[in-house]
Amino acid sequence: MKKITFWGTILLAVCLTLSISSLAWSDSRSDDGSSHGLWSQQEAASQVMNKTYQNECSACHFAYPAGFLPARSWVKIMGTLENHFGENAELDATDSQEIEQYLTAQAGDQDPGRFSRSFMRSIDNVDTPLRISETAYFRREHREVPSGMVLDNAKVRSFANCASCHTGAEKGSFNEHEIVIPDHGRWED
Ligand code: HEC
Ligand code: HEC
């Protein structure tokens, strides 16, 4: 009994230290808007923090987390905006540079979050995917989602519309308990 209390106290102390230090870290890094504590990064995969990125890249779709693609993918996407999935999404040089800098600095190769790590592990070193929705990890995670709930669903239409099912996506959360498929309801595993 004594032994258990002893280890319990140690564990509590470790937890407290960890949470205090991650809070401190997030405080010290949050003012430049580029990062947020280790703890929150692991929980809430790469919340979008750059205003220019948010403004310019969410006109047609949700602003995807930088951490879900490697830096080389973002460079390729930013270099081909005039022919972007059949659309012209070209930007002026200043905005384009700022966004590319933000995306590559927060890209999956730099992001310690657990989802980012899973995405990165599933992408071959020689590949430069332009879509998150075509990576092996994405396919694996969504293989049980019937295409009728996506392609034939006027409120979703495409797997690229992350935020129509992941209700926390705009806040950077892809937690499986926050998934609601429009017209089909909460996803129960
Ligand atoms: C003019 C509209 C438009 C703008 C602006 C736009 N996009 Fe897109 N984007 C699209 C379309 C259309 C698709 C394909 C969506 C689909 O397949 O349903 C797409 C898809 C993507 C995808 C792949 C999604 C996936 O995983 O399937 C990424 C990544 C992406 N865009 C990044 C960006 C970035 C970065 C910017 C800002 C520089 C941007 N987009 C601005 C229209 C746009
Ligand atoms: C049609 C609704 C739908 C869309 C659109 C969708 N997802 Fe999902 N996503 C799901 C469902 C449902 C699951 C859980 C699947 C399971 O548990 O079998 C899931 C799981 C995930 C997971 C793993 C969650 C965990 O806790 O393990 C991640 C990460 C994820 N999705 C990211 C994305 C991203 C990024 C996009 C957009 C590029 C996206 N999803 C688009 C429905 C969707």
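Ala, Val, Leu, Ile, Met, Phe, Trp, Tyr, Cys and Pro are counted here as nonpolar, Asp, Glu, Lys and Arg as charged, and the others, Gly among them, as polar. The shell around ligand 1 divides into 14 nonpolar, four polar and three charged residues. Both ligands belong to a predicted model, and the following paragraphs place them in the protein that surrounds them.

The protein contains eight helices and two strands. Along the sequence these elements follow the pattern α-α-α-α-α-α-α-α-β-β. Of the 189 residues in the protein, 38% are buried. Among contacts between residues at least 6 apart in sequence, 53% join residues at least 24 apart.

The shell around ligand 1 holds 21 residues, of which C57, C60, H61, H84 and S133 come nearest. An N or O atom in the side chain of H61 is 2.8 Å from a nitrogen atom of ligand 1. The side chain of R131 places a polar atom 2.7 Å from an oxygen atom of the ligand, and an N or O atom in the side chain of S133 is 2.6 Å from an oxygen atom of ligand 1. Among the helices, α3 and α4 each supply at least two residues of this shell.

What covers the buried residues of α5 includes α3 (residues 51–57) and α4 (residues 71–79). Helix α5 itself comprises the 13 residues 93–105. At 1.5 Å a residue such a helix should span 18 Å, and the end C-alpha atoms of α5 are 18 Å apart, which agrees. At the start of the helix, a side-chain oxygen of D92 reaches to within 3.1 Å of the backbone nitrogen of T94.

How are the buried residues of α5 arranged around its axis? The residues concerned are D95, S96, I99, Y102 and L103. They cover an arc of only 135 degrees around the axis, which puts them on the same side of α5. The face of α5 turned away from the buried side carries the exposed residues A93, T94, Q97 and Q101.

The loop between α4 and α5 contains F85. Although F85 is not a glycine, its phi is positive, at about 50 degrees. F85 is partly exposed, with a relative accessible area of 44%.

The side chain of H142 has an N or O atom 2.8 Å from a nitrogen atom of ligand 2. A polar side-chain atom of H166 likewise lies 2.8 Å from a nitrogen atom of the ligand.

Is V150 buried or exposed? Its relative accessible area is 2%, under the 20% limit, and V150 is therefore buried. Leaving aside residues up to four places away in sequence, V150 touches V145, V156, R157, S158 and F159. V150 and P182 are 32 residues apart in sequence, and their C-alpha atoms are 9.2 Å apart in space.

The two strands complete the course of the chain. The loop between β1 (residues 180–181) and β2 (residues 185–186) contains D183. As a residue other than glycine, D183 has a positive phi near 70 degrees. D183 is exposed, because its relative accessible area of 60% is over the 50% limit.

Methods. Residues numbered from 1 in each chain as written. Chains lettered and ligands numbered in written order. Predicted model: local features only at pLDDT ≥ 70, side-chain atom pairs only at ≥ 80, totals over all residues. Heavy atoms only, no water. Helix = DSSP H or I, 4+ residues; strand = E, 2+ residues; numbered from the N terminus. Expected span 1.5 Å × (residues − 1). Buried < 20%, exposed > 50% of the residue type's maximum accessible area, 1.4 Å probe, protein only. Arc of directions from axis to C-beta. Contact = heavy atoms within 4.5 Å. Polar contact = N/O pair within 3.5 Å; in protein donor to acceptor, adjacent residues only side chain to side chain. Near = heavy atom within 4 Å.
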